[in-house]
Amino acid sequence: MKILDQIGTGSYGIVYKAQRRNMEVAVKMLKFSQAAEKTFVKETSIMFKLKHPNIVTLLGVIEKPTAIITEYYPNGDVCELAMNLNYVIDEEHVRKICLDTCQGMAYLHSLNILHRDLKSRNLLIDKDWNIKVGDFGLARSMNDSGSFTSCGTPSHVAPEIINDSQYTAKVDVYSFGICIYEIVIRRKPYGNLQALQIAVSVAKEGIRPNIPPNTPLIWEALMCECWDEDPEARPSFDTLIEKLEQLELPEPSRPTPYKSKQNSYSSASEEYLNTRRGSTATSTTSNSFMNS
């Protein structure tokens with residue numbers, strides 16, 4: 001196997017693009033530590049069980065140096081896509097991203113597996129623009145004994161995790177709501193707030209990301225359902241799939257997201273969003289979703 005380029009980095013290691021036989025792959029090289037070794041064992045034991053078109057495919061593992069080999073996804077991740085305003089992302093593209101994510105997550109939950117770190121950075125995009133849920137370093141079986149610990153990315157973590165309360169699979173639905181925000185609004189959910197500020201605001205004050213007034217109501221409603229304070233009020237991923245399949249959306253200008261010659265948040269886009277806001281079904285937002 002030949003290492004080609006570094007394509008990512010995280011708390012547990014570095015990800016490289018590599019050539020393995022006649023195939024491009026991604027190699028996640030773990031930094032040596034007890035925590036990293038524990039994560040490696042947990043992540044690979046879960047990934048070996050998974051086989052789904054919307055889940056990252058594990059191709060193999062290396063013991064020394066410790067590494068995980070997966071498929072290589074040339075279109076990067078959803079966070080990278082959403083934050084690049086040179087890309088045009090039509091509502092039909094948003095639906096496809098969300099549907100693929102929900103199908104992958106519904107499969108995980110059907111196996112009683114919690115992801116616990118669902119975020120747009122962990123949604124990878126293959127050459128055909130299909131979404132693959134990845135990074136299972138914090139994943140855990142719901143059948144495991146013992147209490148569940150606090151974990152995850154502060155901007156995406158459900159309040160019950162921050163509060164050290166008992167939690168269920170609905171924590172992943174909360175995180176998905178923040179993912180919808182990133183894809184539709186195309187900005188960081190809490191601006192430049194630090195992790196501790198976000199955690200306190202979410203858990204103690206019921207704050208959620210600020211939704212601009214021109215956001216299409218169908219997406220606003222879905223976000224708010226997913227990040228409801230009450231876990232039981234959040235829909236399951238199976239229910240979200242049904243909702244997404246039933247949406248009536250305009251035809252996309254192209255089959256997949258594409259780069260525009262001008263910033264995709266042009267005045268024309270603003271006018272389009274305002275039109276969509278007025279043409280979609282109404283929804284209400286409770287006080288718990290106040291502006292941050």
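Modeller: Let us begin with burial: a residue is called buried under 20% relative accessible area, exposed over 50%, and partly exposed in between, using a 1.4 Å probe and protein chains only. The model is predicted: local features need pLDDT of at least 70, side-chain atom pairs count only at pLDDT 80 or more, and totals for chains, interfaces and linings use all residues. Residues are numbered from 1 along each chain as its sequence is written, and side-chain values use heavy atoms, with hydrogens and water left out.

Biologist: What percentage of the residues of the protein count as buried?

Modeller: Of its 292 residues, 50% count as buried.

Biologist: How many helices and strands are there in the protein?

Modeller: Helices (H or I, at least four residues) and strands (E, at least two) are DSSP runs, numbered from the N terminus. By that rule the protein has nine helices and 11 strands.

Biologist: How should I read contacts in the protein between residues at least 6 apart in sequence?

Modeller: Contact means heavy atoms within 4.5 Å. Among contacts between residues at least 6 apart in sequence, 67% join residues at least 24 apart.

Biologist: Which residue does the UniProt annotation "binding site" cover?

Modeller: UniProt positions are given in the numbering used here, feature names are shortened, and annotations may be inferred rather than shown by experiment. In the unreviewed entry, the "binding site" annotation covers Lys28. This lysine is found in strand β3, residues 23-30.

Biologist: Is lysine 28 buried or exposed?

Modeller: Lysine 28 has a relative accessible area of 18% and is therefore buried. Leaving aside neighbours within four places in sequence, lysine 28 is in contact with Ile14, Val15, Glu43, Thr66, Ala67, Ile68 and Asp135.

Biologist: Which side chain does a polar contact join to that of lysine 28?

Modeller: A polar contact is a pair of N or O atoms within 3.5 Å; within protein, one must be able to donate a hydrogen and the other to accept it, and residues adjacent in sequence count only if both atoms are side-chain atoms. Here the side chains of lysine 28 and glutamate 43 are joined by such a contact of 3.2 Å.

Biologist: How do I read the packing of two helices?

Modeller: Axes are lines fitted to C-alpha atoms, for helices over the stretch in contact, and angles run from 0 to 180 degrees between N-to-C directions. Angles under 35 degrees count as roughly parallel, over 145 as roughly antiparallel, 65 to 115 as roughly perpendicular and the rest as oblique. The axes of helix α3 (residues 91-110) and helix α8 (residues 237-246) come within 8 Å and cross at roughly 155°. These helices, α3 and α8, are therefore roughly antiparallel to each other. Residues making the contact include Cys98, Cys102 and Met105 of α3 and Leu240, Ile241 and Leu244 of α8.

Biologist: At what angle do α3 and α5 pack?

Modeller: The angle between α3 and α5 is about 165°, with their axes 11 Å apart, so α3 and α5 are roughly antiparallel to each other. Their contact involves, among others, Cys98, Cys102 and Met105 of α3 and Phe176 and Ile180 of α5.

Biologist: Where is serine 175, and is serine 175 buried or exposed?

Modeller: Serine 175 lies in helix α5 and is buried, with a relative accessible area of 5%. Not counting residues up to four places away in sequence, serine 175 touches Leu118 and His156.

Biologist: Which helices do the buried residues of α6 pack against?

Modeller: They pack against α4 (159-162) and α5 (170-185). The buried residues of helix α6 (residues 195-205) are Ile198, Ala199, Ser201, Val202 and Ala203. Glycine 206, with a positive phi near 70°, follows α6.
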